[in-house]
Every structure is written in structure tokens, then in C-alpha cells.
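Work through the exercises below with the sequence and the 3D structure open. Try each task before reading its solution.

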Amino acid sequence: MISLSHVSKRYPGGYQALHDVGFTIDAGELAFITGPSGAGKTTLLKLLVAIERPTAGSVIVNGQNVGALKPRAVPFLRRNFGLVFQDHKLLFDRNVFDNVALPLQIVGYGAKDAARRVRAALDKVGLLNYEKAPPITLSGGEQQRLCIARAIVHRPAILLADEPTGNLDAEYGAEIGELFRSFNQVGVTVVIATHDQTLLKRLAPRVIALKHGELAI
Amino acid sequence: MTAWLTQHVRGFTATFARLARTPLGSALNILVIGVALSLPLGLYVVIDNLQASSQQITAEPQVSAFMALDANRAEVAQIEARLKRSPRVQRFRFVPRDQALQEIKQASGLADVVESLPQNPLPDAFIINAKDSTPRSLEALRDEIRQWPRVAHVQLDAAWARRLDAALRLGRLLVAILGALLALALVAITFNTIRLQVLTQRDEIEVIKLIGATDAFIRRPFLYFGALQGCAGGMVAWLIVSGGVYLLNRNLGELSHVYASLFQLKYLTAGGSLGLLLIPATLGWFGAWLSVGRNLALIEPVACK
């Protein structure tokens, strides 16, 4: 599903974020990318969704060479992913329902079909009663769950999360962890970049450890 | 197909929502566009009307030949005979000087002034219709009659119409220049409006780019917005010009009553009105397209921090 070989990334300023990284994540796996801040976790995720391009090596997602994708093909690559951000990236000018419906609108779902899926996703993260609420009224944990609902509503093959529990206290963190586990159990490939040790112990995933931009193991 | 339609309907409703979100700003923009468009449009309507009426008047150009004041009857008869013989003349009318004086008395209400004149200041005149009313042959006829004895002055009535025609051509050129400039202004206004919108919606654009929106999807509501704004501006211009024509006609009604002629400005035709909606819409769309294309490229997601 995801395969990196000899991937290096040097930013225009000259900063070497990744150096000769290679690994494969199979479909249906639950994998953590760990390492201290500055180890290159975020850069790795950016390479997967073509926000950045590798300076060397190849990044293959679903059989596509991400580094060589034409700009117009990038949106279609991104539709394979559900993205969960540490800062949620919710849109505060619309309610909970419309936030979750966004990925479906982009793909062009009919209103009825979309509404059904949005409610299913909200139900899964336990926010079904907040449909009409503006996201700003939700707590941090609820906002993170809303972000997850938006990430899974279009049933992506891969769920990608960057420090999903970074801003949450332990109890919320545990909830979020369980959510990821349940998605993984129904066959979604889950990749989480984190340095949250509690989450790591709870989910006992496969670990890809980074240090100074290289594989640590 | 359904998905495609849904996308467009949604883009359209989103556009209306966007217009409604900033009602004052939108209204002002539309007003500016409307006023800008109404300038060349109003000028066009006036010129179009003048042209129509000038064609009516010059349908049958006439040549007027005035005899010398002291020409005697025999001399006038001689000219009359020549006119009858001339192959260029279709028909003519003789206006004796006494009759001309009577006409002036009746028509102008200057009876007192005319009475007080020591003698009739008007000459005998012929009003001549030519067989061929092209300007060139009219001029030839004028030059011929001018050579005849005791003819003091020959006047081509079509001359002023031709001058008007030239002035109208100039006017149309003016409309074209003004129209082009204001079209440019419309594109610029739209460009700027859309630029500001793109900037204020930076976050949204970033997020939807991240979750797989194509550029076409992101661009669509902005393009609709530009087109809709241009279209609404066109409507405002239509209202301004139609209102202006209505007011002018009311006053012209009185004026033309006094002059005993019925001169009324015509409103815009249906085709013209449609063009007035479509052309600004296209220009607005174009301005938005330029703006989004330029400003969207500047927004690349920097997600995951």
C-alpha cells in the first residue's frame, strides 16, 4: 500500500529532513511513525500526500509514484487518504455536519447519499447529536473526533494522522486511540505519526522509528 | 452526470451565499459596475436614436434654389423651364416670395415683425427633388443650378444630415472606446474582489486542497461569483439607462408637442438587453478566472505544520 525506498528530503534552505529512508506498510496494517521532534515524522507524512516531493528515492502509494505525479493528479491521490491533523483544521464558518460533508462535496456526492454517510461518520465518533453545532463550541477532544469523522467519511483506504493526541489529555487520547483501532479492525490502513508513549503502549502497533531523519532501528 | 450537476448547483448556491454574506460590499461593487456600464450604454442609446431619426429625415434629400431678390418674373420662368428640362430633376415645387412671407407669418407667430418690414426680404425659391439622391449626384445638381442666371444661392438640404452622420460615427467610436475602457475596469474590479475573497478564504482553500479538491472545484464558486456580479452590474446599468430614457421621454413629450413632431427615444431591444447581461457576465467570469488562477497558485497547503 505504502512503499518508500531510499527516500531523502532536503528543504530549499539546505536542511536535510530525511536521509535514505525505506520501509513498506501493507494494506490493513496499523503503523506508528515515532521519534523526537525534528526527526522527520511530519516531512514523511507530507511526502505521502504530495505536499512535498522527495529530493531522492521513490514514494509509492497505491502503486502510484507520488514524487512524479503531475499537479493535476495530486487531488486524486489525496482522496485515497483520510487526514487527521493535530490542529484539526476545521472550518469555523460552517457547522459540524457541513465540515464532515466537505470531502463528499468535493467528490460530488448527492445530498441524500452524503447526509447518510455524514451521519454514519458522526455516529462512529459519537458526535451525532452535535450535527448543527458550530465547531468552535466543541471541546478539544470533540474537535479532534470531528476531524476524524471528516477524515473517514469518504471511506479512504489509508488513515493518516499527525500527532492526533498531541493537544489532548490522557482520557481523550485513549478515546482517540480506540477509534483508530476500530478503523484498523475493519481493514483501513492506519499510519500515525506521534511521540505519545501511552498511545503506543495501548495500541501496540508496528513501529517505524526515526531519528535525525534516518530509520533508528 | 448527476454528480456533475450537483457540483454545479452547489457551486451556484455557495456563490449566492457568498454574495449574501457581505451584502453591503456586494451591493456597492454591483452599483459601481452598473454605473460604469451605464455610461457607454446611455451614450449608445442616444446615438442609436439620433441615427434612426437622421435616416428618417434624410430619406428624401432636397435641393433649394433661391433666386436673386430682384429677379423678375420672366427670369424665374426661365429657371422653371430649365428645371423642367433637366434630366436630373424628378419634380420641383415653386415657392413664390409672397407665399413664403405668408408662411412665415403663420408659422412663427412673428406676424407683427413681418408686418413692420418695409419690404419682403424673401426671394422666390424652388424646392427640388432629384431623381438620384446620392450625395454625389445631388452635389452635381447643386453645382449645375448654381451656374444658371439670376440664381443667388443653392442649398443642399442633405449637407447637415451628412454632417450629423459624421458626428454620429465619431460618437460611435467614442462609445466603443468608452466601452472598452470600462470593460477593462470591470475585469479589474472583479479581479480585485476575487483576490480579496481568495485571501480571506485561504484557510478553507488550504483544507479542501488537502482533502483532494481539484483546482476546478476550488475555482468554480469564484468564477460563478465573477459572472454573477457582472450580470447584476449589467442589470443595474439596464435599470439606469431605462430609467433615464423614461425620464427623457416624458420631457421630450412636452418638447416635441411644442414643435409638433413626435420624437421619442427608443428603449433597449430585447437582444441588446440580453447582451447587457451576458457581456458583463463574461467579463466578470474572465476577471475572476485571471484572479483565481493567479492567487490560487500562491496557496499551497503547508499542512501537518
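**Exercise 1: the nonpolar cores**

The largest nonpolar core has 104 residues, and those with the most contacts inside it are Leu48(A), Leu83(A), Val84(A), Ala149(A), Leu159(A) and Leu160(A). The model is predicted: local features need pLDDT of at least 70, side-chain atom pairs count only at pLDDT 80 or more, and totals for chains, interfaces and linings use all residues. Residues are numbered from 1 along each chain as its sequence is written, while chains are lettered from A and ligands numbered from 1 in the order in which they are written.

Task: which element gives the largest share of this core, and what does Leu83(A) touch?

Solution. Step 1: a nonpolar core is a set of buried Ala, Val, Leu, Ile, Met, Phe, Trp, Tyr and Cys residues joined through C-beta atoms within 7 Å. A residue is buried if 20 or more other C-beta atoms lie within 10 Å of its own, exposed if 12 or fewer, and partly exposed in between; C-beta atoms are placed from the backbone.
Step 1: helix 9 (residues 215-258) of chain B gives the largest share of this core, 14 residues. Helices (H or I, at least four residues) and strands (E, at least two) are DSSP runs, numbered from the N terminus.
Step 2: leaving out residues up to four places away in sequence, Leu83(A) touches Val49(A), Ala151(A), Leu160(A), Leu210(B) and Ile211(B). Contact requires that the C-beta atoms of two residues, placed from the backbone, lie within 7 Å.
Step 3: another core, of 12 residues, lies apart from the largest one and includes Val76(B), Ile79(B), Phe126(B) and Ile145(B).

**Exercise 2: the two chains**

Task: how many residues of chain A are in contact with chain B, and which helix of chain A gives the largest share?

Solution. Step 1: 20 residues of chain A are in contact with 19 residues of chain B.
Step 1: on the side of chain A that touches chain B, two or more residues come from each of helix 1 (41-48), helix 2 (74-78) and helix 3 (96-107) of chain A.
Step 2: helix 3 of chain A gives the largest share, four residues.
Step 3: by class, this side of chain A has 10 nonpolar, five polar and five charged residues. Here Ala, Val, Leu, Ile, Met, Phe, Trp, Tyr, Cys and Pro count as nonpolar, Asp, Glu, Lys and Arg as charged, and the others, Gly among them, as polar.

**Exercise 3: a sheet in chain B**

Task: in what order do the four strands of the open sheet in chain B lie, and which are the edge strands?

Solution. Step 1: the order is 2-3-1-4, with antiparallel pairing. Two strands pair if DSSP finds at least two bridges between them.
Step 1: strand 2 (89-95) and strand 4 (151-156) of chain B are the edge strands, as each pairs on one side only.
Step 2: strand 1 (residues 62-67) of chain B pairs with strand 4 of chain B over five bridges, and Met67(B) stands opposite Val151(B).
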